[in-house]
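Welcome, and thanks for taking a look at this one with me.

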Amino acid sequence: MDATDTNTAEAIVAEAERALDDIQKVKAEVSKVIYGQENVVESVLLAVLSGGHALLVGVPGLAKTKLVTTLGTVLGLAGNRIQFTPDLMPSDILGSEVLEESETGRRSFRFIKGPVFAQLLMADEINRASPRTQSALLQSMQEYSVTIAGQHYDLPRPFHVLATQNPLEQEGTYPLPEAQLDRFLLQVNVGYPDIASERRILLETTGAVEETASPVITGARLMEIQSLIRKMPVSESVLEAILELVRAARPGEGFEETDRNVAWGPGPRAGQALMLTARARALYQGRLAPSVDDVKALAAPVLQHRMALTFAARAEGITVTDVIATIAKRDFN
């Protein structure tokens with residue numbers, strides 16, 4: 001290794017140490033407001049650090065909305081919230097043109113930006129809106145821009161969508177189309193807190209004073225960390241593990257469990273998600289390169305919304321997470 005390579009490696013190590021320090025401060029600040037749910041906080045932060053979007057799935061009252069608003073504050077991001085309802089229109093998200101008349105009597109259209117023009121967009125109960133409205137988010141989530149009346153508008157950077165969904169109440173809801181689900185880097189399942197965390201929730205949130213979070217970093221600093229994560233090296237063994245895991249989740253690739261139970265599997269975007277989030281998880285835990293264990297740990301959040309089971313599998317009570325757990329047990333070394 002020559003002097004240039006050595007200096008580059010030392011610079012990356014120094015940058016990683018600084019990023020890790022910032023991440024630790026973010027975690028500490030979030031923990032002041034969100035009790036327990038460490039795995040949920042980690043998964044959502046991994047999605048943001050990787051530059052992607054996350055879908056939070058859980059019953060009401062589990063602090064999904066509070067987590068998103070807290071992250072917006074701690075990460076220094078300008079945020080907006082959209083409460084999805086069946087009568088919500090695409091223009092309610094993207095914005096609309098209005099006809100204005102000047103003092104001279106000249107008329108012209110002016111575009112009024114909608115709530116999607118934010119750095120952190122919270123899509124609350126996203127499955128309550130019609131497919132027409134849900135599709136309004138597709139271009140923004142993938143291309144970080146919107147097109148209104150033939151005019152192209154770039155969204156602020158960084159741009160992240162954190163959506164919530166209630167898995168129980170299905171009346172008046174519209175399942176998310178597969179194309180939109182695939183745009184979410186991770187699906188984060190939010191469960192009930194443990195008894196110690198729930199006790200703390202009761203004590204801390206019902207008194208006269210409630211803890212609040214403060215900004216720790218800025219959007220510009222977040223983008224620097226996201227850029228660093230993309231520079232982190234990935235070993236050949238980790239790359240092969242990602243390829244094997246994603247391909248094993250597709251029917252027709254010779255994996256018996258998948259062929260028997262999976263109707264369709266994940267595309268290449270799942271592999272991209274694993275590459276990014278494995279790097280982010282390594283940095284999150286203070287390491288400079290991801291391992292195969294990172295890939296296995298992220299298998300369910302990355303794959304579960306990118307697969308569908310056969311009717312026979314569903315009739316037997318098999319779940320997507322069951323299939324993924326079986327696949328992830330394989331020896332990828």
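1. What is the handedness of the crossing of helix 2 and helix 12? Helix 2 and helix 12 cross in a right-handed way. Please keep in mind as you read that this is a predicted model. Helix 2 covers residues 38–49, and its axis comes within 9 Å of the axis of helix 12, at a crossing angle of roughly 115 degrees. On the helix 2 side you will find Glu42, Leu45, Leu46 and Leu49, which meet Ala280, Arg281 and Tyr284 of helix 12. Sorted by class, this contact holds 5 nonpolar residues, 2 charged ones and no polar ones.

2. Helix 12 has another partner to show you. Helix 10 (residues 236–248) packs with helix 12 (residues 268–284) at an angle of about 145 degrees, and the two axes are 10 Å apart. The crossing of helix 10 and helix 12 is right-handed. Here Leu239, Ile242, Leu245 and Val246 from helix 10 meet Ala270, Gly271, Leu274 and Met275 from helix 12. The contact of helix 10 with helix 12 is made of 7 nonpolar residues and 1 polar residue, with no charged ones.

3. Now for the overall layout.

4. In soluble globular proteins, nonpolar side chains tend to be buried together. In this model the largest nonpolar core has 70 residues, and Leu67, Leu283 and Leu303 are the members that touch the most others. Domain 1 and domain 2 each supply at least three residues to this core. Another core, of 28 residues, lies apart from it, and its members include Phe111, Ala136, Ile148 and Leu181.

5. Next, Leu55, which is found in strand 1. Is Leu55 buried or exposed? Leu55 counts as buried because its relative accessibility is 1%. Leaving out residues up to four places away in sequence, Leu55 touches Ile126, Ala163, Gln165, Leu176, Leu181, Phe184, Leu186, Gln187 and Val188. Between Leu55 and Ser135 there are 15 Å from C-alpha to C-alpha, with the pair 80 residues apart in sequence.

6. Ile82 is found in strand 2 (residues 79–83), and it is buried, with a relative accessible area of 4%. Setting aside residues up to four places away in sequence, Ile82 touches Leu88, Ile93, Pro115, Leu121, Met122, Ala123 and Asp124. One of these, Pro115, is 33 residues from Ile82 along the chain, and their C-alpha atoms are separated by 7.2 Å.

7. A few spots in the backbone are worth checking by eye. The peptide bond from Arg157 to Pro158 is cis, with omega near -5 degrees; Pro158 sits in the loop between strand 7 (151–154) and strand 8 (160–165). Ala63 is not a glycine, yet its phi is positive, near 70 degrees. You can find Ala63 in the loop between strand 1 (54–57) and helix 3 (64–74), where it counts as partly exposed at 33% relative accessibility. Tyr144 also has a positive phi without being a glycine, at about 55 degrees, and belongs to the loop between helix 6 (138–143) and strand 6 (145–148).

8. Finally, follow the chain out of helix 12. Where is Gly286? Its place is in the loop between helix 12 and helix 13 (292–297). Gly286 counts as partly exposed because its relative accessibility is 44%. Gly286 and Gly76 are separated by 210 residues in sequence and by 23 Å in space, C-alpha to C-alpha.

Key. Residues numbered from 1 in each chain as written. Heavy atoms only, no water. Axes fitted to C-alpha atoms, helices over the stretch in contact; angles between N-to-C directions. Helix = DSSP H or I, 4+ residues; strand = E, 2+ residues; numbered from the N terminus. Left-handed = near helix turned anticlockwise from the far one by under 90°. Contact = heavy atoms within 4.5 Å. Nonpolar A, V, L, I, M, F, W, Y, C, P; charged D, E, K, R; others polar. Core = buried A, V, L, I, M, F, W, Y, C linked by side-chain atoms within 4.5 Å. Buried < 20%, exposed > 50% of the residue type's maximum accessible area, 1.4 Å probe, protein only. Domains from an automatic or database assignment.
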